[in-house]
Amino acid sequence: MIKISNLRLEPLAGEAEIKAAAAKKLGIPAGAVERFGIARMSIDARRGRRTSLVCSVVLSCTDEEAVLRRSGGGDVAPFTEKAYVRPPVRRQSGMRPVVVGMGPAGLFAALYLAEAGFPCVVLERGGDIDSRAEAVERHWRTGVPDARSNVQFGEGGAGAFSDGKLTTGTHDIRTRSVLQTLCRFGAPEDILWSNRPHVGTDILRDVVKNIRRELVRLGCDVRFNTAMTGLRLESGRLAAVETESGAIETDSAVLAIGHSARDSFFMLEKLGLELVPKPFSVGVRIEHRQADIGYAQYGELYTRLPPADYRLAEHLENGRSAYSFCVCPGGVVVSSSSEPDGIVTNGMSYRARDGVNINGALLVSVTPEDFGGPGPLAGVGFQREIERAAFVLGGSDGRAPAQTVGGFMARRASEHGGSITPSYRPGVRWTALDGALPDFVCESLRLALPRFGRKVRGFDSPDAVLTGVETRSSSPVRIVRGDGLCATRAEGVYPCGEGAGYAGGIVSAAVDGIRAAEAIFTRE
């Protein structure tokens with residue numbers, strides 16, 4: 001096989017044109033190309049460059065050695081796909097492992113354990129995806145979250161109510177296996193080659209349901225509305241996982257609890273596990289018209305290309321970093337609170353990404369020095385303080401505080417919006433976001449916005465809407481684990497994923513879940 005990188009074509013080129021360009025690059029007739037596949041594809045619309053389609057392809061052809069001798073080097077190279085191979089199974093214990101949480105880390109840990117021959121007990125404090133969707137819809141209609149099933153908790157985890165983005169900086173060999181597994185359970189095939197792959201929350205919910213059905217078929221005991229309440233340790237080793245409905249004796253438990261499982265963090269700290277604070281980010285959601293961002297990125301071509309998004313970052317003179325995160329083209333800003341007296345925002349879009357607006361998190365870095373306080377869970381208190389201030393600022397009825405960029409930059413409370421209609425439900429209250437966010441966050445956002453506007457024309461438009469607050473982009477705590485992935489003070493307990501502080505996003509969390517499963521079934 002041969003891989004060709006950085007093929008540049010007209011932005012509307014199709015597979016036939018890509019294949020022809022690949023053959024031309026190799027100096028062979030198009031008919032000599034045998035197997036052919038697109039490995040990566042993206043639109044390059046950077047300023048100063050002509051908008052183009054950039055592809056990497058993999059193909060086979062006749063007499064590949066001669067073709068490589070003639071064309072090899074640079075963007076043309078031999079290709080051998082590195083496939084994930086399950087490590088040897090050594091586990092001898094007859095006790096069922098327990099997996100706590102059904103986000104991506106928990107689902108993949110349970111699936112890989114079951115496929116290795118160890119069907120497990122899977123606990124989820126929230127409901128199944130269908131009942132959870134009903135609870136979330138009630139929350140968005142009334143402003144009151146369900147304490148058990150909400151955007152943070154329930155089958156599929158927080159990612160089931162997002163955009164289903166699969167972009168990751170993880171270069172682990174398990175990454176490809178994660179994407180292939182998602183396709184096996186219903187995700188679209190283009191996630192295997194798209195530069196910024198996404199599933200869409202509508203399709204992702206079906207994928208999650210299909211994985212659960214496979215777990216059941218493989219013998220797993222899946223229990224919804226069953227929260228973990230404790231761990232029983234004997235001489236520093238796990239003896240049982242305690243739940244609302246009784247204890248489950250086990251010697252291995254994967255804790256894929258998610259970044260919002262605050263009660264679990266406090267329980268684990270009290271139990272004596274080693275927890276440490278970690279950096280995270282806070283900020284707002286910024287909302288524009290999708291057409292405006294599309295035109296700024298692609299010009300007149302924007303109506304014929306996939307919905308445009310953006311990726312922005314600035315290192316500021318105050319020592320902070322400000323950046324965009326979890327951008328949802330054609331999506332909506334959603335309430336993702338899990339506590340009744342707090343406001344938390346997130347973004348969500350469906351597979352089609354065909355909504356009027358585009359939104360993204362606009363975040364500022366936070367370090368443990370910023371929230372200080374005693375103990376490793378001071379970051380949780382920092383988050384709560386901001387979320388509760390936003391709840392009051394929004395009117396204490398579930399509405400979110402919002403401000404136009406023009407008002408925010410002028411340090412003037414907004415009394416109404418402009419040309420962009422906020423998508424947040426149950427609604428927004430126009431105000432000044434300084435009343436909820438720390439001064440250093442507001443200062444950093446005011447420094448960053450004009451710079452982002454120079455990168456994407458109109459990004460700092462006075463009518464753009466800022467909706468607060470975004471506080472849960474990642475976990476504020478890390479559950480320390482040793483070389484065998486066990487918690488350092490609890491043998492047999494395997495913290496993993498975003499909640500444990502070892503992942504950030506669907507793919508990296510799933511990869512960490514697989515690693516936890518391997519640690520269990522490869523241990524004698």
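**Ground rules.** I am working with a predicted model, where local features need pLDDT of at least 70, side-chain atom pairs count only at pLDDT 80 or more, and totals for chains, interfaces and linings use all residues. Residues are numbered from 1 along each chain as its sequence is written, and side-chain values use heavy atoms, leaving out hydrogens and water.

**Whole chain.** I found 13 helices and 23 strands in the protein chain (DSSP runs numbered from the N terminus: helices are H or I with at least four residues, strands E with at least two). I noted that 57% of the 524 residues count as buried. The C-alpha trace spans about 70 × 65 × 40 Å along its principal axes.

I keep a reminder here: most residues other than glycine have a negative phi, and most peptide bonds are trans. Asn6, in strand β1 (residues 2-9), has a positive phi near 60°. Cys326 also has a positive phi, near 50°, and lies in strand β15 (residues 321-328). I then went through the cis peptide bonds. One joins Arg425 and Pro426, with omega about 15°; Pro426 is in the loop between α11 (405-409) and β20. Another runs from Gly468 to Val469, with omega near 0°, and Val469 belongs to strand β21 (residues 465-470).

**Cysteines.** How many disulfides does the structure hold? I found zero, taking a disulfide as a pair of cysteine sulfur atoms within 2.5 Å. For Cys328, the closest cysteine sulfur is in Cys326 at 4.4 Å, which is too far for a bond. Both are tucked away: Cys328 is buried at 0% relative accessibility, and Cys326 is buried at 17%.

**Leu437.** Where does Leu437 lie? I found Leu437 in the loop between β20 (428-430) and α12 (439-455). Leu437 is buried, at 5% relative accessible area. Leaving aside neighbours within four places in sequence, I listed the contacts of Leu437 as Gly283, Val284, Ile386, Cys442 and Val469 (contact means heavy atoms within 4.5 Å).

Technical notes:
Buried means under 20% relative accessible area, exposed over 50%, partly exposed in between (1.4 Å probe, protein chains only).
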